[in-house]
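Please consult the sequence and the coordinates alongside the text.

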Amino acid sequence: MRIGFGYDVHPLVEGRRLILGGVEIPFEKGLEGHSDADVLLHAICDGILGALGEGDIGRHFPNTDPRFKGISSLRLLEAVASKLAEKFFLVENLDSTVVAENPKIGPYLPRMAEQIARTLRVGPDQVNIKATTSEKLGFVGEGKGIAAYAVVLLKEDLQAKYPNYA
Ligand code: MG
């Protein structure tokens, strides 16, 4: 078993779509970043890369690389899932928290979990996403940005690593 942790923040600005957990959420602002700035998926990618001992998302997908400009972070999560398979690991479960003052994201959580689970090739019960506000305190509370935390537990894929393993 290996454990990893991820954290990310992006600023909320006008003129951007708001994408969280691979789901577009109607809102007057969106997150600013080189990719689609999906703060939840970035925290999850970092959690997985951390558990693998593979550094962080910035090392694998530099924000100076034009290939990643405007990219859906689901593609980044897919690439991280491939790395996971390459190293013979599976996601046992992941838990995460999105911290946002607005909009209310509760109604979108099941769709996010479904997207993430499908991308990581696990069941939706292995992906938990929580939402909270910052009680109007700090940059999140003032609506200046959205933060996300994720913790990921990996298990070795013995079947894949040792094809003759009974
Ligand atoms: Mg990020």
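What covers the buried residues of α4? The cover includes β2 (18-20), β3 (23-25), α1, α3 (73-86), β5 (89-99) and β6 (127-132), where contact means heavy atoms within 4.5 Å. Helices (H or I, at least four residues) and strands (E, at least two) are DSSP runs, numbered from the N terminus. This is a predicted model, in which local features need pLDDT of at least 70 and side-chain atom pairs count only at pLDDT 80 or more, while totals for chains, interfaces and linings use all residues. Residues are numbered from 1 along each chain as its sequence is written, and side-chain values use heavy atoms, with hydrogens and water left out.

The buried residues of α4 are Leu-109, Met-112, Ala-113, Gln-115, Ile-116, Ala-117, Thr-119 and Leu-120; buried denotes under 20% relative accessible area, exposed over 50%, and partly exposed in between (1.4 Å probe, protein chains only). Just after α4, Arg-121 adopts a positive phi of about 55°.

Helix α1 (residues 39-52) and helix α4 (residues 109-120) pack at an angle of about 35°, with their axes 12 Å apart. The axes are lines fitted to C-alpha atoms, for helices over the stretch in contact, and angles run from 0 to 180 degrees between N-to-C directions. In this pairing, Leu-40, Leu-41, Ile-44 and Ile-48 of α1 meet Met-112, Ile-116 and Leu-120 of α4. By class, the contact comprises 7 nonpolar, no polar and no charged residues (Ala, Val, Leu, Ile, Met, Phe, Trp, Tyr, Cys and Pro count as nonpolar, Asp, Glu, Lys and Arg as charged, and the others, Gly among them, as polar).

The magnesium ion is coordinated by Asp-8 (OD), His-10 (NE2) and His-42 (ND1), at 2.1 to 2.2 Å. Donors are N, O and S atoms within 2.8 Å of the metal (3.2 Å for Na, K and Ca); water is not among the atoms, so sites may look incomplete. The donor residues follow the sequence spacing D-x1-H-x31-H. Asp-8 in strand β1 (residues 2-14) and His-42 in α1 are 34 residues apart, and the pair links distant parts of the chain. Asp-8 counts as buried because its relative accessibility is 16%, and His-42 counts as buried because its value is 7%.

Backbone details remain. A cis peptide bond, with omega about -5°, joins Asn-102 and Pro-103; Pro-103 lies in the loop between β5 and α4. In the loop between β6 and α5 (138-141), Glu-135 has a positive phi near 55° and counts as exposed because its relative accessibility is 63%.
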